[in-house]
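Hi,

Here is the structure I promised to pass on. Have a look first, and my notes follow below.

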Amino acid sequence: MTRRLFILLFCAVTAMAVISAQSGTLPAPVQEQVEKAATSDEAVAILRKALAASPAPSATQKTHLLAFLASLLEQTGQYQEARHQYSLAANASATVNNAAGRGAVAAPEYLLGAVRCALATGDTATADYVLSTAFFDIQNPDVIAQVKLYAVWSWLCKVETEAEIQQPVSALKSFLNLSSMKSVKPSVLLTLWYITGSAEYAGMLQKEFPSSTECAVVQGEAQVMPNAFWYFLPATARTADTVTVTPPAPAAPVISTAPPAAPAAETASESAVHWQLGFFRNKENAQDLVNRLAKAGFSAVIKEDRRPSGTTYFTVTVPENKEGTMGQNLKNAGFECYPVY
């Protein structure tokens, strides 16, 4: 059976909850400016300026600014830099908690944000390290449930053969019967549906969580586009190349103690150099996409990226044109994409 690698939206509800919480805690003048920003680039520039302002923002304000900046960068596909900003937000939150007498404990939502971005770049080593070391003292059952689910997602990212799918799938199935995992059950069901293609899990989502984002995905009511959470998962009963959800807010949104690798450029107003349309672990799948683009009149290239783990990934990109309209041209032709700076 031909195996494809896909983009999978995960923890959509949690991610949007993080954004909602952050948007209410920005300094009022900054929040007003962000709300008026015409583009995400403008909003990123506003947040960076606020972080560099003199006098410096308070520790609490700095934490919120960093977290909101991270969510914007993640939404626009700048995962490495987003991971870095989530890490800074986590460290800043630990400083705030320590000063308040709560101990130097980082906010778990920022830790999970950094894990998410690490997985989005295929960096399972960093994700696994954080998941195994940064949450040892966490008591919140919902956070514990997320950590367990993220660990299985990381496991799935490393799957190389169909036989290797069975154990993580069994782990996901066991989550369905645990009351402690109820808070992440919609995401568990979406993952199982996505991997197995079984209508059973779609039916459970529709019955138990009819208003959830995950249910909207399986019902085809949510638009799919590759600008959120990259996963390298084998889907056994699907032919589409991507599955993610368009967030209903201007920003999207779990730690990494290690410095970021090759962070995105600091300038928020720079122009795209390429438009990325796919990220694969199988070169044949990357070539399939290149062929489809060629038939539509686009000249795409495949770039190989060998990770420290030894795995090679294949990125499909199309160069920006002189007019700066390539992204819109691709979308008009039915190809979802996001900018690479």
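Before the rest, some ground rules. This is a predicted model, in which local features need pLDDT of at least 70 and side-chain atom pairs count only at pLDDT 80 or more, while totals for chains, interfaces and linings use all residues. Residues are numbered from 1 along each chain as its sequence is written, and side-chain values use heavy atoms, with hydrogens and water left out.

Searching the whole structure turns up one aromatic pair, and it is formed by tyrosine 150 and tryptophan 153. The pair is tilted, with 5.2 Å from centre to centre and 55° between the planes. For the cut-offs: rings of Phe, Tyr and Trp (its six-membered ring) pair if their centres lie within 6.5 Å, and planes under 30 degrees apart are stacked, over 60 edge-to-face and the rest tilted. Both residues sit in helix α8 (residues 141-157), and because they are three residues apart there, about one helical turn separates them. Tryptophan 153 is buried too, at 0% relative accessibility.

Now the helix packing. Helices here are DSSP runs (H or I, at least four residues; strands are E, at least two), numbered from the N terminus. Helix α4 (residues 59-75) and helix α6 (residues 108-120) pack at about 25°, with axes 11 Å apart; so α4 is roughly parallel to α6. Axes are lines fitted to C-alpha atoms, for helices over the stretch in contact, and angles run from 0 to 180 degrees between N-to-C directions. Under 35 degrees counts as roughly parallel, over 145 as roughly antiparallel, 65 to 115 as roughly perpendicular, and the rest as oblique.

On the α4 side, Thr63, His64, Ala67 and Glu74 meet Tyr110, Arg116 and Cys117 of α6 (contact means heavy atoms within 4.5 Å). By class, that contact of α4 with α6 has three nonpolar, two polar and two charged residues. Ala, Val, Leu, Ile, Met, Phe, Trp, Tyr, Cys and Pro count as nonpolar, Asp, Glu, Lys and Arg as charged, and the others, Gly among them, as polar. Alanine 67 in α4 is buried at 0% relative accessibility, and its C-alpha is 8.9 Å from that of serine 87, 20 residues away along the chain.

The other packing to look at is helix α2 (residues 28-36) with helix α3 (residues 40-51): their axes come within 9 Å and cross at roughly 165°, so α2 is roughly antiparallel to α3. Val30, Gln33 and Val34 of α2 make the contact with Ala43, Ile46, Leu47 and Ala50 of α3. The class count for α2 with α3 is six nonpolar, one polar and no charged residues.

Between α3 and α4 lies proline 55, and a cis peptide bond with omega of about 0° joins serine 54 to proline 55. For context, most peptide bonds are trans. Between α9 and α10 you will find serine 180, partly exposed at 41% relative accessibility. Leaving aside neighbours within four places in sequence, serine 180 is in contact with Pro141 and Ala145.

Cheers

Key:
Buried < 20%, exposed > 50% of the residue type's maximum accessible area, 1.4 Å probe, protein only.
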